[in-house]
Amino acid sequence: MEAFAKKKGKEGTRGTTLIAKENVETLTFYRNMIMGANGIYFAMMTLLGRHYFTFEITMFVLSALVYIFSFQFMRSMGNPKTADNGQILDPGVDLNMEGGLAEHAKDLIILTSGSQILSLVWHWLWLLLLLAPIRVSYMLWTSVIAPWIFQPAEEEEVNDKKQRKMERKMKRAMR
């Protein structure tokens with residue numbers, strides 16, 4: 001139980017080589033997930049003797065575009081810059097950082113591969129991909145639009161003299 005307890009104190013900084021190594025491992029994992037989902041999809045479609053109708057082809061092309069965009073985005077973010085002697089100058093963005101853009105790209109790959117595998121059960125499960133724009137809309141609403149619309153109006157700064165004068169007027173009006 002102590003292993004799951006949250007550590008107290010400051011979290012240590014991670015070195016550039018560790019970040020670069022973890023980025024390579026993360027990219028390898030998600031590349032394997034993409035290849036595995038596509039391999040399982042084509043193998044099962046062939047073994048089950050299903051026909052590739054327009055809907056399946058369209059959804060596969062859409063998922064391929066999502067895979068390519070997300071993976072290339074993560075690869076460009078986590079690409080380390082090295083010197084001529086092989087020393088790492090900049091490890092790139094940490095792909096395992098919580099709350100970063102890479103986390104959303106990883107979620108998109110997971111959603112796409114999950115809906116691709118689940119579409120083998122029933123081809124309308126491809127529509128699970130609609131969860132991505134729904135999530136984007138929700139995040140946009142909660143972090144940008146709603147705070148902008150519902151922010152309280154700015155109050156005028158009133159100096160002490162004006163404040164006392166207004167209080168006296170209020171007291172007189174209350175009498």
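1. Is Leu130 buried, partly exposed or exposed? Leu130 is partly exposed, because its relative accessible area is 48%, and the exposed class begins only over 50%. The model is predicted, so please read this value, and those below, as computed from that model.

2. Where does Leu130 sit? The residue is in the loop between helix H3 (101-118) and helix H4 (131-149). Leu130 and Leu111 are 19 residues apart along the chain. Their C-alpha atoms are separated by 9.8 Å.

3. Leu130 also belongs to a nonpolar surface patch. The patch covers about 820 Å².

4. Next, the largest pocket. Its space comes to about 260 Å³. The lining has 13 residues. Closest to the centre are His104, Ala105, Leu108, Arg135 and Val136. As a general point, rolling a probe the size of a water molecule over the atoms shows where empty space is left.

5. Which helices supply the lining of the largest pocket? Helix H2 (54-77), H3 and H4 each give at least two residues. H3 gives the most, with six. By type, the lining residues are nine nonpolar, two polar and two charged.

6. How many salt bridges does a search of the whole structure find? There are two. One pairs Asp107 with Arg135, and their closest N and O atoms are 3.0 Å apart. Asp107 lies in helix H3 and Arg135 in helix H4, so this pair ties together parts that are 28 residues apart in sequence. Arg135 is also among the residues closest to the centre of the largest pocket.

7. How covered are these two partners? Asp107 is partly exposed, at a relative accessible area of 29%. Arg135 is partly exposed too, at 36%.

8. Now the start of the chain. Arg14 is in the segment before helix H1 (16-47). Its relative accessible area is 32%, so Arg14 is partly exposed. Arg14 and Leu65 are 51 residues apart along the chain. Their C-alpha atoms are separated by 33 Å.

9. Is Pro91 buried or exposed? Pro91 is buried, because its relative accessible area is 8% and the buried class covers values under 20%. This proline lies in the loop between strand E2 (88-90) and H3. Pro91 and Ala43 are 48 residues apart in sequence. In space, the C-alpha to C-alpha distance between Pro91 and Ala43 is 37 Å.

10. Start with the Asp107 and Arg135 salt bridge, which ties helix H3 to helix H4. Then turn to the lining of the largest pocket, where H3 gives six residues. End on the loop between H3 and H4, where Leu130 lies.

Terms used
Residues numbered from 1 in each chain as written. Predicted model: local features only at pLDDT ≥ 70, side-chain atom pairs only at ≥ 80, totals over all residues. Heavy atoms only, no water. Patch = residues over 30% accessible without salt bridge, like charges linked within 9 Å, V, L, I, M, F, W, Y side chains within 5 Å. Areas by Shrake-Rupley, 256 points an atom, 1.4 Å probe, with all protein chains shown as cover. Salt bridge = Lys/Arg side-chain N within 4 Å of Asp/Glu carboxyl O. Helix = DSSP H or I, 4+ residues; strand = E, 2+ residues; numbered from the N terminus. 1 Å grid on protein atoms, 1.4 Å probe; cavity = no way out; pocket = protein on both sides within 12 Å on 5 of 7 lines; lining within 4 Å. Points joined across faces, edges and corners; volume = space filled by probe spheres on them. Nonpolar A, V, L, I, M, F, W, Y, C, P; charged D, E, K, R; others polar. Buried < 20%, exposed > 50% of the residue type's maximum accessible area, 1.4 Å probe, protein only.
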